[in-house]
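This report describes a protein model from its overall make-up down to single side chains. Please look at the sequence and the structure first, then read on.

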Amino acid sequence: MSNMVGLLQSRWEIVRTPEAPDTIRYKCTTPFVTMTPAETILTHQNLQRVVRRAISDETTEKVILDLDNCAKCDPGGLLLLRHAGEQLRTAGRLGYVTHSEPSDSFDTIIENQRHLWERTAAKKGNVKTTDSSPAVESPQDGKYLLRSIENRNEMVQEIGEWAEIVKKGADAAPEDVACWEMQIAEVATNTFQHGRSEQIWVSGHFYKQSGVVQLAAIDYGATIPAVIRDEAQRQGRLGTDSDLIAFACELGVTSRCVRQNQGSGLVSLIQSVGINGGRMQILSRNGFFHVNKTRKYRKTPPGASLSLHGTLIILCLKVR
Amino acid sequence: MNEFGGNVMSNNIRAIDRVGSGFPPDEGERLAETLISDNRLNWDALDIDLRGCPAGLLISAFFNAFLQKIHEDASEHFEQAKAIKWQTDFPFQEKNVAEWIARFKPQATA
């Protein structure tokens, strides 16, 4: 993890133009928005810098993310973009995304999140919003999925619908798809129970060639470090936020906020990630925890440079 | 009582007839409630068929809530509940269920 510190520079080049003083254009200089643990941290940190700068500058009304150099965005990246868009919109700024080549991932965020990020054909800061089709409510075969679950009672049904799409699009074995359903349901249930969140956002994508499903869920409830802190203190295990996330992932560790909880949900996920050869990333408050088949590691950047007021979990699973 | 005047003691349960597709811990509790209130149930060698239930329902929280409810409302059947034979669609589910049940420790109620 030590080499990650060297990567913590900005991946977004700022372009200001005199003819549009109210607009900041950020040109993404990295080919990926997330994909790896280091990129997840960078993406979040850089998007938060964009948001902080736009909000602190009273003259900035519009923020354009120029993603021309960015070829790929994974489900975790979609959720981080969504999160940043919501922060800008809450602060009264307008967010725009521009991407010259067709891209399923960016089309998804634009079509599903048009209230947050608008598509723009802007050049040099002159914002012209293009016409776009109505927001896509239902995911389509082979497309990226991005949806909120606002009612925990509909969670199983929603996940089942996605599983059907994956099954059809991936030609995956029913057992593998069922395993994926179980894993994302563990994540979502954990979020509803412990994050005390009323709403979660879930994103997913199936990579046909590699037979990998990537899933991500974000909530804005209490974070894992906040929820597990009392139990960690009781057991003499207080530490950084990353230490607290790692502690929450140990067998039998529970916040005790739900009486029937056994501290087995996250452990089950970690076990299946290990068996499956996939990986899992958890970003919560100022902590980061990553698990793959061979190792587990944690990262707490200095200061509060992550500061996610919620929890993002990214799962990468092989389904065939 | 059956039509012959004898007791109909059942020990084969189809879960899909008793649970819905709601929040997994709620559905786990619901399954426990239906068993507790079923006076025809033979708790010995109970066999519950989970086949056909959504895979997203059959997670650790479902089984933890099920056992916790039995422990709270019918503790006399708790050990029998831990010995239930669960039939699943896929082998990984059977393995998971066995692990979750073996690990379960009832929580004290307030």
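## Surface, cores and salt bridges

Chain A has an accessible surface of about 13,100 Å², and 48% of that surface belongs to carbon and sulfur atoms. The model is a predicted one. Chain A contains nine helices and 14 strands. Of its 320 residues, 58% are buried. When contacts in chain A between residues at least 6 apart in sequence are considered, 67% join residues at least 24 apart.

In soluble globular proteins, nonpolar side chains tend to be buried together. The largest nonpolar core here has 77 residues, and those with the most contacts inside it are A:Met155, A:Trp180, A:Ile282, B:Ile48, B:Phe63, B:Phe66 and B:Trp86. Helix H6 of chain A (residues 174–194) gives the most to this core, with ten residues. A second, separate core has 32 residues, among them A:Ile24, A:Val63, A:Leu146 and A:Leu312. Leaving out residues up to four places away in sequence, B:Phe63 touches B:Leu50, B:Leu58, B:Trp86, B:Val97, B:Trp100 and B:Ile101.

How much area do chain A and chain B bury between them? The figure is about 2,400 Å², with 55% of it on carbon and sulfur atoms. In this interface, 27 residues of chain A are in contact with 30 residues of chain B. One salt bridge is found across the interface. It is formed by the side chains of A:Arg152 and B:Asp26 (3.6 Å, N to O).

Side chains of opposite charge can pair when their charged atoms come close. Over all chains, the whole structure has 18 salt bridges.

| Salt bridge | N to O distance |
|---|---|
| A:Arg234 and A:Glu231 | 2.9 Å |
| A:Arg237 and A:Glu250 | 2.5 Å |
| A:Arg298 and A:Asp243 | 3.0 Å |

A:Arg234 and A:Glu231 both lie in helix H7 (residues 224–234) of chain A, three residues apart, which is about one turn of the helix. A:Arg234 is exposed, with a relative accessible area of 56%, whereas A:Glu231 counts as buried at 5%.

A:Arg237 is in the loop between H7 and H8 of chain A and A:Glu250 is in the loop between H8 and H9, so their pairing ties together parts that are 13 residues apart in sequence. A:Arg237 is partly exposed at 34% relative accessibility, and A:Glu250 is partly exposed at 30%.

A:Arg298 belongs to strand S13 (residues 296–299) and A:Asp243 to helix H8, so this pair ties together parts that are 55 residues apart in sequence. A:Arg298 is partly exposed at 42% relative accessibility, and A:Asp243 is partly exposed at 26%.

Is A:Phe247 buried or exposed? A:Phe247 counts as buried, because its relative accessibility is 1% and the cut-off for buried is under 20%. A:Phe247 lies in helix H8 (residues 241–248) of chain A. Apart from neighbours within four places in sequence, A:Phe247 is in contact with residues including A:Glu231 and A:Arg237. The C-alpha atoms of A:Phe247 and A:Arg237 are separated by 7.7 Å.

Conventions:
Residues numbered from 1 in each chain as written. Chains lettered and ligands numbered in written order. Predicted model: local features only at pLDDT ≥ 70, side-chain atom pairs only at ≥ 80, totals over all residues. Heavy atoms only, no water. Helix = DSSP H or I, 4+ residues; strand = E, 2+ residues; numbered from the N terminus. Buried < 20%, exposed > 50% of the residue type's maximum accessible area, 1.4 Å probe, protein only. Contact = heavy atoms within 4.5 Å. Areas by Shrake-Rupley, 256 points an atom, 1.4 Å probe, with all protein chains shown as cover. Core = buried A, V, L, I, M, F, W, Y, C linked by side-chain atoms within 4.5 Å. Buried area = accessible area lost by both parts, 1.4 Å probe. Salt bridge = Lys/Arg side-chain N within 4 Å of Asp/Glu carboxyl O.
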